[in-house]
Amino acid sequence: MLRRVLLARAIPLSSASYGFPKPLSPPLRIGGPRLATSSGDPVADGGIGGEDDPFSFPDHYHKQLPPDVARGVDALVAAAEATGSSAAGAARALDGCGAEASEPLVVAALSRLRNSCAAAHAAFRWAAAQPGYAPGRRACHSMLAILAKHRRFDAARALLDEMRRASMASPAAVLLLVRRHCAARDVAAAVAAFRALPSFGFDTGVAEFHGLLSALCRYKNVQDAEHLLISCEKEFPFETKSFNIVLNGWCNIVCSLREAKRFWSSMERKGIDRDVVSYGSMISCFSKAGSLHSVMKLFNHMNEAGVAPDRKVYNAIVFALAKGRCVKAAKMLVRTMEEKQVAPDTATFNSLIGPLCKARQVQEAMEMFDAMLERGLSPSVRTFHALLNVARNSTEVFDLLDKMKQLQCEPEMDTYIMLIRKFCRWRQHESVEKLWSAMPANGLSPDRSAYIVLIHGLFLNGRLEEAAKYYGEMKSKGFSPEKKTEEMITAWLEGRELAKASVSSKGGSVSLKLPKK
């Protein structure tokens, strides 16, 4: 594996080394004077999370668009989703949608279409061809993220090359591609993309190196990240932050206590200072492993070393105590945090609510939820997922969904997948349909995982025609079914056709043999 990383590292620093394809034909008209100044538009200017995460703006932004733009988004999304596989049909549907291309419209439409690569790409290409509009940086980053997410790397690199020609590329755009290569477990391509940064006029500095290490660790390529860290010592001298990224990978991504202990010891041997982040990662690892004794021992060692705990360390200990059924001690620690001027946050209460829900102590979990609201803290999706997971009936589920809406905490795709699975298990098909139809209203389009969960749930509940309908819809959107799903539906369809053929061969008549008297 190390050999593979070192080979990738040896790739020359040029765009050719990264395998950029020829420019898109016809070339996209991207960029424009508006990029020089801010429009004040949270979507057009990069949203909450900036360019690093094109979809960091809230999905309910669609509801804040001017009415004519919102209608245009609905029309463009509907036309893109109905395009099918015919290029000519796609062009006709999009040309007839009546939408007027603009940056807010295109970004909002791409957000809605982000789970359907073909539809999103068709909408983006249509918008780029409209007179008077050229995709801005935010739209390009959004499209780049969609292509890379669906592993359309050739198309993504072609778009990135067009962005470079228009002087719109940024380190964040290249690192976005690096992350998606890491997600695809293609370490060599991720390192090659990192090494291509100078061809865009950007330095491969320490911050970018940290971005590469973080991306590798985030998608469980921690062993590769560690090898890269050690092998690049001359280019990027050892420092605590670099080691903390890899340590966090072992502790909180792979969750391997053995590897975390080994790497922790190697930091000491190499003379790397261990700070509050280092201790926090190890405490979190011990906490997840259920080793409360080791958590408290390391916490005491941390205090003896003169390292003041921060909120993340306290949260990890609160979680360990709550998981170990020491709820009173966990609550006392929350009070200690306040005494030490470390204000508890949403994650602190999640560290209590999650273990309480798993232990089926729902009443105490709800008390913690109320205490969170009393302190003016906003619950996260994770908070509601813990509570939804222990909901006992549809009334409780929809009450919690209403509470999410009231608190402006928008459900995610994982929320719908979890609840569709739950309602299918309860055989409440009306609730399943209600959830499925609610997705577009919340700015979400069903992804492959959602379709698979729905199809399996319907099939196992005997709703075979509906399962086949959604299977066809899933394939028409370009989602590849799981082998098990395909075999299941194909076998049923073949059986149905065989039964029809059998009836037809008998002339459609049914004979009854009456018993002899």
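This note goes through the predicted model from its overall make-up to single residues.

1. Basis. The model is predicted: local features need pLDDT of at least 70, side-chain atom pairs count only at pLDDT 80 or more, and totals for chains, interfaces and linings use all residues. Residues are numbered from 1 along each chain as its sequence is written, and side-chain values use heavy atoms, with hydrogens and water left out.

2. Overall make-up. The protein has 26 helices and zero strands (DSSP runs numbered from the N terminus: H or I of at least four residues for helices, E of at least two for strands). Of its 517 residues, 50% count as buried (under 20% relative accessible area; exposed is over 50%, partly exposed in between; 1.4 Å probe, protein chains only).

3. Surface and contacts. Among contacts (heavy atoms within 4.5 Å) with a separation of 6 or more, 67% are between residues 24 or more positions apart.

4. Helix α9. This helix spans residues 187–195 and is mostly covered, with eight of its nine residues buried. Among the buried residues are Val187, Phe194 and Arg195.

5. His456. This residue is found in helix α24 (residues 448–460). His456 counts as buried because its relative accessibility is 14%. Apart from neighbours within four places in sequence, His456 is in contact with Glu482, Lys484, Thr485 and Met488.

6. Positive patch. Lys288, Lys323, Lys358 and Arg382 form a positive surface patch. Patch residues have over 30% relative accessible area and no salt bridge, and like charges are joined within 9 Å; a salt bridge is a side-chain nitrogen of Lys or Arg within 4 Å of a carboxyl oxygen of Asp or Glu. Lys and Arg count as positive, and their charges are placed at NZ of Lys and CZ of Arg. Lys358 lies in helix α18 (residues 346–358) and is exposed, with a relative accessible area of 76%.

7. Positive phi. Most residues other than glycine have a negative phi. Arg151 has a positive phi of about 60° and sits in the loop between α6 (137–149) and α7 (153–165). Arg360 has a positive phi near 60° and lies in the loop between α18 and α19 (362–374). Arg151 is exposed, with a relative accessible area of 51%; Arg360 counts as exposed at 57% relative accessibility.

Key:
Patch = residues over 30% accessible without salt bridge, like charges linked within 9 Å, V, L, I, M, F, W, Y side chains within 5 Å. Areas by Shrake-Rupley, 256 points an atom, 1.4 Å probe, with all protein chains shown as cover.
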